[in-house]
Amino acid sequence: MSTYKLYYFNGRGRAEIARLIFAAAGEKVEDIRYEGSKWPSYKSKIPLGQMPVLEVDGVKLPQSMAIARFLAKQFDLAGKDNFEQAKVDAVVDTSIDLALKYVPIHFEKDEEKKKNRYEQILLNGASFFVGKQLTWADLEVYDMLDIIIRINGDILQAYPCLQHHRQEVEKQPKIAVYLKSRPATFF
Amino acid sequence: MSTYKLYYFNARGRAEIARLIFAAADQKYEDVRFEREQWPGHKSEMPLGQVPVLEVDGTKLPQSTSIARFLAKQFQLAGKDNFEQAKVDAVVDTINDAVTKFLPIRWEEDETKKKELANKFFADELPAHLQHLEVLGKLYGNGGAFFVGNQLTWADLYLFEMTNNLLQANGNCLDKHAWLKQNRAEVEKQPKIAEYLRNRPQTPF
């Protein structure tokens with residue numbers, strides 16, 4: 001049984017996907033959140049001076065996606081064999097393509113193109129992206145679209161597949177509990 | 001035994017890491033390269049209208065990093081357990097942080113602007129990323145020359161390819177990074193890699 005510590009700011013941001021994975025798996029983590037003022041004094045203790053960082057039995061691992069993928073694999077939320085895991089990774093990469101374009105917070109035509117890609121990957125109104133069950137790809141897309149919906153609540157009106165997908169994720173019992181009880185933060 | 005087809009332009013670009021992995025593992029694949037004029041005719045065959053795409057026993061997989069990770073895992077070049085694979089992934093992500101900042105400069109058409117952006121990148125942006133990579137190499141490398149676990153992984157191959165591109169633009173950019181230079185030297189001397197580098201098509205990018 002490994003012990004896990006997650007270090008981040010007091011926000012969802014780049015750590016939320018890891019927290020969603022812990023929640024979906026029903027696994028424990030020490031969820032360490034630094035307020036902005038405390039961060040400079042801890043920065044030098046972290047390998048790359050950046051967060052999130054996951055500490056596993058005392059060894060530190062940076063990079064939010066590497067952390068998420070590791071946890072998903074630990075807890076069987078990554079896809080059942082190498083090729084399924086590759087499909088899951090491809091969905092996550094596509095989601096990141098959108099997130100990177102999104103960083104200046106306004107909507108451009110490209111948003112539409114990227115959302116169309118999700119619809120393409122989600123074949124025939126399936127509930128989950130890969131393998132007919134929840135993987136971290138579903139959690140990552142959920143989390144990433146969450147950011148956009150908080151700015152523009154109508155953005156998914158033209159995408160019934162994605163709306164259905166969000167509902168499927170939200171009704172997972174452990175996710176439902178987590179979403180009700182997680183801290184409400186600005187980011 | 002799976003059959004593999006890799007689709008990309010006639011270039012190194014985002015497909016080269018996959019090709020390096022095939023080479024290091026001495027595995028066969030069909031290396032399909034589209035010339036510029038051919039690409040529009042094939043675009044709709046690809047899941048996201050983009051390349052590279054890896055076709056495995058007839059099923060297509062997009063996204064260059066996912067393709068590379070899948071192949072590395074297939075051929076034992078990914079790290080020997082979940083945590084080692086995570087360390088390898090963290091190194092790759094750190095390299096990509098630098099690549100993401102470099103790409104727009106590469107594609108800048110205005111020569112004066114390009115020079116200015118490049119100078120700024122090499123002076124102000126890149127050093128921190130290279131520093132981070134050395135931190136990880138020393139943290140995970142067990143005192144050896146490879147990034148993780150004292151053996152070649154796709155993280156080493158990825159650094160090699162990305163630093164090739166950086167060195168093309170600025171031949172001095174690794175001068176202050178002995179650990180990274182040593183890592184590159186180890187990759188270059190792997191026999192299958194050395195042979196692949198001698199024979200691969202020479203393309204501008």
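How many salt bridges does the rule find across the interface of domain 1 of chain A and domain 2 of chain A? The rule finds 2 salt bridges there, a salt bridge being a side-chain nitrogen of Lys or Arg within 4 Å of a carboxyl oxygen of Asp or Glu.

## Basis of the model

This is a predicted model, in which local features need pLDDT of at least 70 and side-chain atom pairs count only at pLDDT 80 or more, while totals for chains, interfaces and linings use all residues. Residues are numbered from 1 along each chain as its sequence is written, chains are lettered from A and ligands numbered from 1 in the order in which they are written, and side-chain values use heavy atoms, with hydrogens and water left out.

The term pLDDT denotes the predictor's confidence in each residue, from 0 to 100. For chain A the mean pLDDT is 87, and 86% of the residues reach 70 or more. Residues 103-108 of chain A stay under 50, and the model gives them 8 contacts beyond four places in sequence; contact means heavy atoms within 4.5 Å. Where pLDDT is low, the predicted coordinates should not be read in detail.

## The two domains of chain A

Domain bounds come from an automatic or database domain assignment. In chain A this assignment gives domain 1 (4-75 + 176-181) and domain 2 (82-171). Their contact takes 14 residues from domain 1 of chain A and 13 residues from domain 2 of chain A. The area buried between these domains is about 1200 Å², of which carbon and sulfur atoms give 67%; buried area is the accessible area (1.4 Å probe) that two parts lose on being put together, summed over both.

Within chain A, the side chains of Asp89(A) and Arg69(A) meet in a salt bridge with an N to O distance of 3.0 Å. On the side of domain 1 of chain A that touches domain 2 of chain A, at least two residues come from each of α1 (16-25), α3 (64-74) and α8 (173-181) of chain A. Such helices (H or I, at least four residues) and strands (E, at least two) are DSSP runs, numbered from the N terminus. By class, this side of domain 1 of chain A has 9 nonpolar, 1 polar and 4 charged residues. Here Ala, Val, Leu, Ile, Met, Phe, Trp, Tyr, Cys and Pro count as nonpolar, Asp, Glu, Lys and Arg as charged, and the others, Gly among them, as polar.

## The two domains of chain B

Chain B is assigned domain 1 (4-75) and domain 2 (82-189). The C-alpha centres of these two domains of chain B lie 22 Å apart, and their contact takes 12 residues from each of domain 1 and domain 2 of chain B. The area buried between them is about 1000 Å², with 64% given by carbon and sulfur atoms. Arg12(B), Ile17(B) and Arg69(B) supply 42% of the area that domain 1 of chain B buries against domain 2 of chain B, more than any other three residues.

Between the domains of chain B there are 2 salt bridges. The side chains of Asp89(B) and Arg69(B) meet in a salt bridge at 2.9 Å, N to O.

## The contact between the chains

The contact between the chains takes 29 residues from chain B and 28 residues from chain A. Together the chains bury about 2500 Å², 57% of it on carbon and sulfur atoms. In chain B, Leu48(B), Asn82(B) and Phe83(B) lose the most area to chain A, together 23% of what that side buries.

Across this interface the rule finds 2 salt bridges. Asp89(B), already paired with Arg69(B), also meets Arg69(A) through its side chain in a salt bridge (2.9 Å, N to O). There are 18 residue pairs in polar contact between chain B and chain A, both residues being at pLDDT 80 or more. A polar contact is a pair of N or O atoms within 3.5 Å; within protein, one must be able to donate a hydrogen and the other to accept it, and residues adjacent in sequence count only if both atoms are side-chain atoms. On the side of chain B that touches chain A, α4(B) gives the most, with 10 residues. The residues of that side divide into 13 nonpolar, 10 polar and 6 charged.

## Backbone features

Most residues other than glycine have a negative phi, and most peptide bonds are trans. In chain A, a cis peptide bond with omega of about 5° joins Met51(A) and Pro52(A), and Pro52(A) lies in the loop between α2 (39-43) and β3 (53-56) of chain A. In chain B, the peptide bond from Val51(B) to Pro52(B) is cis, with omega near 10°.
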